[in-house]
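Work through the exercises below with the sequence and coordinates open. Try each task before reading its solution.

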Amino acid sequence: MQVSMTVNGEPVTEEIEPRLLLVHFLRDQLRLTGTHWGCDTSNCGTCVVWMDDEPVKSCTVLAAMADGRAVRTVEGLEQNNVLDPVQQGFMECHGLQCGFCTPGMMMTARALLNRNPDPSEPEIREAISGQICRCTGYSTIVRSIQWAAAKEAGESPAQEGGPVTELQETDQLKQSETVGDPV
Amino acid sequence: MTTTEEAPVEAPTGEGTVPTVVNNDQKPVGYGRMLRKEDPRFVRGLGRYVDDVQLHGMLHLAILRSPVAHARIISIDVSAAQALPKVKAVITGADLAAQGLAWMPTLSNDVQAVLATDKVRFQGQEVAFVVAEDRYTARDALELIEVEYDILEPVVDARRALSPEAAVIRDDLDGKTDNHCFDWETGDEAATEAIFARPDVVVVKQDIVYPRVHPAPMETCGAVADYDRVDGKLTLWSTTQAPHAHRTLYAIVAGLPEHKIRVISPDLGGGFGNKVPIYPGYVCAIVASIVTGKPVKWMEDRSENLISTGFARDYIMRGEIAATQDGKILAIRTDVLADHGAFNGTAAPVKYPAGFFGVFTGSYDIEAAYCKMTAVYTNKAPGGVAYACSFRITEAVYLVERIVDCLADELGMDPAQLRLKNFIQPEQFPYTSKTGWTYDSGDYEPTMRLAMEMAGYDELRTEQAEKRARGELMGIGISFFTEAVGAGPRKDMDILGLGMADGCELRVHPTGKAVVRLSVQSQGQGHETTFAQIIAEEIGIPPADIDVVHGDTDNTPFGLGTYGSRSTPVSGAAAALVARKVRDKARIIASGMLEVSVADLEWQKGAFHVKGDPEKSVTIQAIAMRAHGAGDLPEGLEGGLEAQICYNPENLTYPFGAYICVVDVDPGTAEVKVRRFIAVDDCGTRINPMIIEGQVHGGLTDGVGMALMEMIAFDEEGNCLGGSLMDYLIPTALEVPDWETGFTVTPSPHHPIGAKGIGESATVGSPPAVVNAVMDALKPYGVRHADMPLTPSRVWDAMQGKATPPI
C-alpha cells in the first residue's frame, strides 16, 4: 500500500507492507536511524516520535496509521543548524550516557515544554515515566529538561551537575599537592 | 605496592612526585568537569549502533528458539520455511554440526550449543535460523519450521539439581551423570570454625537469596556479518564490550585466520556485562554471511534478550557472622549454591569460577573467613556475571552488608556504629583480607561520616522514632562496600588464556593534534571524553584536539575490553603511561630545540622550558612539528612523536563507598517508596566528576530496581516469566529519587594517576542499602530479613510473618 505523510516537514510518499511498524518504516525505509527500537511492548519509549505534535511510541504504531499525518523525529529537532534547547540541555547536564534512549526522551521533553514551559520536577518525572533509561538514573535527564526550560524562559540555566558535597579536610587532602593548572 | 620502593611513577603533571589528590571538580579541562565529546552526535540522533548499519544487499537473520526448557529434538522440518519467497537459507544444528560449528566454547571453558543438535536445555535456546531478504519475512519463516520435541523433566530449582532423581542436563559432556558444575572454596575453614565454636561469641545465621536479574540494556544484542569471499575477510559489527577477545575467540571457533577478522563495536546502547559473552546469534550471523555470500544482520528482540542472554546473580547463600557481645566482628562464613543455567557462560577470569566473590569479608577487619560454594546446571539461560556486578562482588557485598545488619539487629546496635567499629583502619593498607585479597588503599571512616552528615543521620533516627510512635513505617538503610576492580594482573587473571592487560597507542600529528587508540570499548561511559582528558593532562594537548579511537580491532591495539569497571584502572593507566612515553621523547626533542640538556628542562602547561628561564620554552605543538619536520633531531632519535604500551596492572583497585537509603513503607499497601538516597563514593583520583556522578546515578537506579522490582523468575516447567518489559520491571523516573552524591578521594597507590574504577560501584553497593532500609522500616513487625525483590506483595508477606525466598 502507499502512504503519504510529512516527516520532519518534508513530504514523503512510499510503498509499504500494511503491517510495517512506523519505527521500522522510519529506520529501515527512510534511514532515519535516530529513532530506536527497544522493546516491542511500549514500555521503554526509545522509539518515541511525534504524530501531529503528540508523542507516540512508534514500535506500536503502524506506518499506515501515520498516513496523512505530520511525523517528527529526533532528526527534526535541530533547526537551521541550531540545536533545540532540549538537545543543548541534555549535553550540558549529562542527560545521556549510551545515547540509546535519548532521542525518545528528548522528543517527550520537547512536547512537554511545548505545553508546559515551566514544569515542576514531579511533572517532568511524570512526563518521562513511560520511558526507560538504563544509564543515567533520571536525575540528570530531569536537570536537562529544567535547563532547557530555563534557557527558553531567558534565564541563565543552572550549571551542570547536581548537589555535590566534597570532603574538605581529611588528612589525605591536607597532605595533597595540587595538580598543575588546567591545560 | 608502594611507589616509594620502586621506580616512582610520575604524577600527572609534576615530575618525581607521587600521585596527588585534588578537587578536580573545579577544573574546566584536563582532569575535571567537561562536557562529553560524544554527545553532539547522540543528541542529533546520529549515533551509529549495530542496527543502524545498512549494507548493500544485506539480508536479515532470525532465530527459532525452543519453547520448552528441556526436551530431546526428534526432528526438524524446514521445508516449508525454505519454500517461502524471499527466504535465502534455513540452517539447523545438524547443518552446523556437519561443519563442526554446532558447539562453541564459553568464556568459562564450558561449551555451549550454537544451535541445538541433541536436546534443548533452556527455554529460548537457539534451534535454527532463517536468512531472508527482510526482517519480517525472516520472522514469518520461523513460524513455518516444524520441530518435534520429546519433552523431558526440567531442572528448575537449583536446590534439587543434585538430587539423584534430577534429569541430567549436560549429557553432552563425556561421562556426565549429574548436574554438578563446579565446587569452589576460599578462606580458612578450621580457623573460622574455631571462632564460631567459641562460647563467648554471638552468632547470627541468615539465608539470603540474590535472585536472577538481567542487565537488559536498552539496545539488545545483535550483529552484522559481512564476509568477503574474495579476500576471505570477515567484518563483524557486533554489540561487544570486548572486541579483541571476541575476535580471537572467533578465530579459534570458526577457524578463520585472525588477521582476516575485523570486529567493530560501534556505539553501544548500554552493556552492563550483557555484551561480554559471545552469543550463538553472532556465530549464526557469521555462518549466514559465509553461506549466502551477503552481509547478514541479526538483531534480537527484547524478549530474546531477556530469555536467552547473560543473566546475573542466582546465588542462594547462607551467611553466618560471629562477633563479640560488644560488636567486634570476628568471622564470616558462607555456603553458596550457585545456579549457572544450562551452560556455564560465566565471563570471569578462569582461575576465579566464582568471580571475585572472595571479597565477601567486605570492609571489615576480621579474624577468619570461609566460603564454600557449589555450582549447578539447571534448565535456564546460561550466563552468570552480567549486570554491572564486578565479577560477583555484587553478591559478596550484598551478603556481608545484609548479614552485618542482621548482627546489628541481634546486638541491638546502631548499624552505622557497628560498621564504624569494625572498619579496616587506614594504617592497615595495603590490607590483605582473610581470603587473600590485597586492598590497595582505603580510609573508610571519613567516607562513612560524610554520608551520615549529608543524610543528617541523627535527625533521621529522631524522625523515625517519631513516626514509629504514630504507626508510620520509615526505614534507614546503610551499606558500606569495598569493590575490587580492574582485572588483571595477567599472572593471575585471564579469559580463556588471554591475559587481562590492555594496549594503548598515542600518535601526535605534526600540527600537535593527536589520536589515541584504546583496546577498551565504551557502552556509554564516555571514553571519548575521559581518555582525551587523561592524555590532555599528561601531554598538554587540549582534549578537543585528541581523537579517541576504540571499538575496532583493525584500528586499535589488543586488549581485553570494558567490563568489571576495568577501563580506567587498566586502560586509563595505559593511556597515562603512553602519554608519558611520548612526553619523554618530546623532552629530548625540546632539549635539541632549546640547546640545553634534558636535565635543564621543566614541564609545565604543555610546554618544556629551561629551568630558571621560563621565557625560553617550546610547546608540545612546536615539538610535534619538529619531530616530523625537516631539521635534525638529537642524535639517535627517530622522527615522529608516538608511542605504544601494553599495561599489565600490578593489582586490582579497591574503590569503596558509603550509601544511606531512606524509605517509607505504606502500612496499608506495603508499597516501598525510596525517599532519599545518599551516595558517597571514593574512586581515587576523579578524572571527570560529571561522568563519575553519572556512573553512580545509573548504578543506584539498578540497585533500587534489583532491591524492589527486578527478577527473572521461572515457573515449574522452566518457562521464563520475565520475558518482556511488561514482566521484568525496570525503574522509571517515578520509582527513584533525586540522587544525592558526595565523594572522598583516596588514590590508588599503584595506578599511575591514582584512579580506581567507578562503573559498577553503585550497582554493587546500593541493593543492600535499600533492603536494609526496608528491613529497618519493618522492625515493628519483627522482620529481620526478606529477600529481594521487595515488591508490595513480598513486603506484605513479610509483615504477616510469611517472608519466603523468591526461588
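**Exercise 1. The open sheet**

In what order do the seven strands of the open sheet in chain B stand, and is the pairing parallel, antiparallel or mixed?

*Solution.* Note at the start that this is a predicted model.
- Step 1: list the strands across the sheet. The order is 3-7-1-14-11-12-13, and the pairing is mixed.
- Step 2: find the edges. They are strand 3 (87-92) and strand 13 (261-264) of chain B. Each has a single partner strand, so one side of each is left without a neighbour in the sheet.
- Step 3: take the twist. It averages 20 degrees from one strand to the next.

**Exercise 2. The core**

Which residues touch the most other members of the largest nonpolar core?

*Solution.* 
- Step 1: the core has 316 residues. Leu61(B), Phe129(B), Val130(B), Ile535(B) and Val774(B) touch the most other members.
- Step 2: look for the main contributor. Helix 14 (residues 567-594) of chain B gives the largest share, 12 residues.
- Step 3: inspect Val130(B). Leaving out residues up to four places away in sequence, its contacts include Leu61(B), Ala62(B), Val87(B) and Leu142(B).
- Step 4: In soluble globular proteins, nonpolar side chains tend to be buried together.

**Exercise 3. A helix inside**

Is helix 16 of chain B enclosed or open to the outside?

*Solution.* 
- Step 1: get its span. Helix 16 (residues 689-708) of chain B has 20 residues and reaches 28 Å from first C-alpha to last, close to the 28 Å expected.
- Step 2: count burial. In helix 16 of chain B, 20 of the 20 residues are buried, so the helix is largely enclosed by the rest of the structure.

**Exercise 4. The two chains**

*Solution.* 
- Step 1: chain A has six helices and six strands. Of its 183 residues, 54% are buried.
- Step 2: chain B has 18 helices and 32 strands. Its radius of gyration is 27 Å, close to the 28 Å of the globule rule for 807 residues, so chain B is as compact as a globular protein of that length. Buried residues make up 62% of chain B.

Definitions and conventions:
Residues are numbered from 1 along each chain as its sequence is written. Chains are lettered from A and ligands numbered from 1 in the order in which they are written. This is a predicted model: local features need pLDDT of at least 70, side-chain atom pairs count only at pLDDT 80 or more; totals for chains, interfaces and linings use all residues. A nonpolar core is a set of buried Ala, Val, Leu, Ile, Met, Phe, Trp, Tyr and Cys residues joined through C-beta atoms within 7 Å. A residue is buried if 20 or more other C-beta atoms lie within 10 Å of its own, exposed if 12 or fewer, and partly exposed in between; C-beta atoms are placed from the backbone. Helices (H or I, at least four residues) and strands (E, at least two) are DSSP runs, numbered from the N terminus. Two residues are in contact if their C-beta atoms, placed from the backbone, lie within 7 Å. The expected span of a helix is 1.5 Å times one less than its number of residues. Two strands pair if DSSP finds at least two bridges between them. Axes are lines fitted to C-alpha atoms, for helices over the stretch in contact, and angles run from 0 to 180 degrees between N-to-C directions. The radius of gyration is taken over C-alpha atoms; the globule rule is 2.2 Å times the number of residues to the power 0.38.
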